[in-house]
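Have a look at the model first, then read on.

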Amino acid sequence: MKPISKTHIVLTVVAVIVIAWLVLRHRNDTPVVPTSAEPTAVTEQPLWQSVEVKKENISDSNQYYTIDVSYPVTKDDRITGQFKTFAEGQIAQFKDDTSWVSDPSIDSASSGALSLTIDYKEQKSTLVDAYVFDITTYTGGAHGLQVTRTFSFNKDGRALTLADLFTNGEAGLKTISPFVQSELTKKAISDAKWIAEGAAANAENYQNFVISDAGVTFIFDPYQVAAYAAGTQNILVPTSVFKTIANPDLFTK
């Protein structure tokens, strides 16, 4: 066998190096096609069906009274229907309470001073959407009457009640009532008996509330815990007061 020359060996090595370089270059120039992966699950965001879309107004008047009522139209027809029913119920009650104006023997019936006014504001926290309705009526007498009505909804549009605020409703009322009574007493607007009765630990006294990121504000109408002249009382109960029994779905930590 004829021995391999050094020149042949060198050329062979060079050829191998060139081929290797070309292969590597081809690999680097080839676009990388990503492998298919499992689709990432998309978390459906809450739609906040209770959010106001527009304001609906109802007006009525005659020689005896004026009615000016507003309520929100929301993304959810059921929630809107709840507000509409509430508004129409208030109007019907007002007309019933002022039915005496049709008696011609009553001189004041022609004064046109009787009135019903309902307006509202929306207050949204991180986890709750609330509506506070201010109802002002004058059906005769020394002065009108101011009443508050609140509606609250979670992110899914479910209506919330007082029982939803706590993991233990009975314990919740017994926890917040002393705090509320103490705060009212500090205001020096009423006597101890009036406050003790109007802010006692029963559900009827605490129906009107607004949840915020700071806690829950309870609203007490005139005459509930103090005289009419004292006005509406709003008492914020910080979450720290009832943190051990606060509903984690409604209050931020």
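## Pocket linings

One thing to keep in mind throughout: this is a predicted model. Let's start with what the largest pocket is lined with. By class, that lining splits into 6 nonpolar, 6 polar and 2 charged residues. The pocket has a volume of about 200 Å³. It's lined by 14 residues, and the ones closest to its centre are Gln90, Gln93, Ile135, Thr137 and Val147.

Sorted by class, the lining of the second largest pocket comes to 6 nonpolar, 6 polar and 1 charged.

## The nonpolar cores

Now for the inside. The largest nonpolar core has 26 residues, and Leu165, Tyr206, Val216, Phe218 and Phe242 have the most contacts inside it. Elements giving two or more residues to this core are α3 (169–187), β6 (209–212), β7 and β8 (233–238). The largest share, 4 residues, comes from α3.

Skipping its neighbours within four places in sequence, Phe218 is in contact with Leu162, Leu165, Ile176, Tyr206, Asn208, Phe209, Gln233, Asn234, Ile235 and Val237. Apart from this core there's another one, of 20 residues, which includes Tyr71, Phe86, Leu114 and Leu116.

## Helix α3 and its cover

What does the length of α3 look like against expectation? With 19 residues at 1.5 Å a residue, α3 should span 27 Å, and its end C-alpha atoms are 27 Å apart, so the two agree.

Several α3 residues are tucked away: Gly172, Leu173, Ile176, Ser177, Val180 and Leu184 are the buried ones. What covers them includes α4 (192–198), β7 and β8.

Phe242 is in the segment after β8. Is it buried or exposed? Its relative accessibility is 0%, so Phe242 counts as buried.

Leaving out residues up to four places away in sequence, Phe242 touches Phe166, Thr175, Ile176, Val216, Val237 and Phe251. Ile176 is also one of the buried residues of α3, and Val216 is among the residues with the most contacts inside the largest nonpolar core. For a sense of how the chain comes back on itself in the numbering, take Phe242 and Gly215: they're 27 residues apart in sequence, and 9.1 Å apart in space, C-alpha to C-alpha.

## Thr217 in β7

Thr217 belongs to strand β7 (residues 215–220). Thr217 has 18% relative accessibility, and the cut-off for buried is under 20%, so Thr217 counts as buried.

Which residues does Thr217 contact, leaving aside its neighbours within four places in sequence? They are Asn208, Phe209, Val210, Asn234, Ile235 and Leu236.

Note on methods
Residues numbered from 1 in each chain as written. Predicted model: local features only at pLDDT ≥ 70, side-chain atom pairs only at ≥ 80, totals over all residues. Heavy atoms only, no water. 1 Å grid on protein atoms, 1.4 Å probe; cavity = no way out; pocket = protein on both sides within 12 Å on 5 of 7 lines; lining within 4 Å. Points joined across faces, edges and corners; volume = space filled by probe spheres on them. Nonpolar A, V, L, I, M, F, W, Y, C, P; charged D, E, K, R; others polar. Buried < 20%, exposed > 50% of the residue type's maximum accessible area, 1.4 Å probe, protein only. Contact = heavy atoms within 4.5 Å. Core = buried A, V, L, I, M, F, W, Y, C linked by side-chain atoms within 4.5 Å. Expected span 1.5 Å × (residues − 1).
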